[in-house]
Amino acid sequence: MIIFNETRKAVLADNAVIADTFFKRARGLLGKKEFHRGQALVLDPCNSVHTFFMRFPIDLLFVSKDNKVVKAISRLAPFCLSPICLKSRFVIELPPDTIKLTLTSPGDQLTSLFNLT
């Protein structure tokens, strides 16, 4: 799945995977040795994440049910908890610096090849 930032006209990921079951969300990126540019994991539903036992930092986009970015967190370090974002329907986990490189910020409208909601 491709995730596109309509506001910034930027591709956030061209290889996104949806984790939409309890077990897929619980596993998340655990066990991954690296997270390449263009990859993404969409946790649906989700309003908070952790990076316990991860080997690398990640960027996080908290997204509302109408596909607008509610909160953006750059480079959440391993062994950390994100804040809870009650307005978030799902979270997109991205490789570090994706937010910075695409200038993604709260209020941006996202679209995808498949419907995310």
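**Close-up 1. Ile3, a buried residue of strand β1 in the predicted model**. Ile3 has a relative accessibility of 0% and therefore counts as buried, the limit being under 20%. Strand β1 covers residues 3-5, and Ile3 belongs to this strand. Leaving aside residues up to four places away in sequence, Ile3 touches Ala10, Val11, Leu12, Ala13, Ala16, Ala40, Val42, Ile92, Thr111 and Ser112. Gly38 is 35 residues from Ile3 along the chain, and the C-alpha atoms of Ile3 and Gly38 are 9.3 Å apart.

**Close-up 2. The aromatic pair Phe22 and Phe23**. The model has 3 aromatic pairs. One of them joins Phe22 and Phe23 in an edge-to-face arrangement, with 5.3 Å from centre to centre and 80° between the planes. Phe22 and Phe23 are both exposed.

**Close-up 3. The aromatic pair Phe53 and Phe79**. This pair is edge-to-face, with a centre-to-centre distance of 5.5 Å and an angle of 70° between the planes. Phe53 sits in the loop between β4 (39-43) and β5 (58-63), and Phe79 in the loop between β6 and β7, so the pair ties together parts 26 residues apart in sequence. Phe53 is exposed at a relative accessible area of 64%; Phe79, at 51% relative accessibility, also counts as exposed.

**Close-up 4. A nonpolar surface patch**. Phe52, Phe53, Phe79 and Leu81 make up the patch, and together they have about 460 Å² of accessible area. Leu81 is located in the loop between β6 (69-76) and β7 (90-94). With a relative accessible area of 58%, Leu81 is exposed, because the limit for that class is over 50%.

Note on methods. Residues are numbered from 1 along each chain as its sequence is written. This is a predicted model: local features need pLDDT of at least 70, side-chain atom pairs count only at pLDDT 80 or more; totals for chains, interfaces and linings use all residues. Side-chain values use heavy atoms; hydrogens and water are left out. Patches are made of residues with over 30% relative accessible area and no salt bridge: like charges are joined within 9 Å, nonpolar side chains (Val, Leu, Ile, Met, Phe, Trp, Tyr) within 5 Å. Accessible areas come from the Shrake-Rupley method with a 1.4 Å probe; for residues, only the protein chains shown count as cover. A salt bridge is a side-chain nitrogen of Lys or Arg within 4 Å of a carboxyl oxygen of Asp or Glu. Helices (H or I, at least four residues) and strands (E, at least two) are DSSP runs, numbered from the N terminus. Buried means under 20% relative accessible area, exposed over 50%, partly exposed in between (1.4 Å probe, protein chains only). Contact means heavy atoms within 4.5 Å. Rings of Phe, Tyr and Trp (its six-membered ring) pair if their centres lie within 6.5 Å; planes under 30 degrees apart count as stacked, over 60 as edge-to-face and the rest as tilted.
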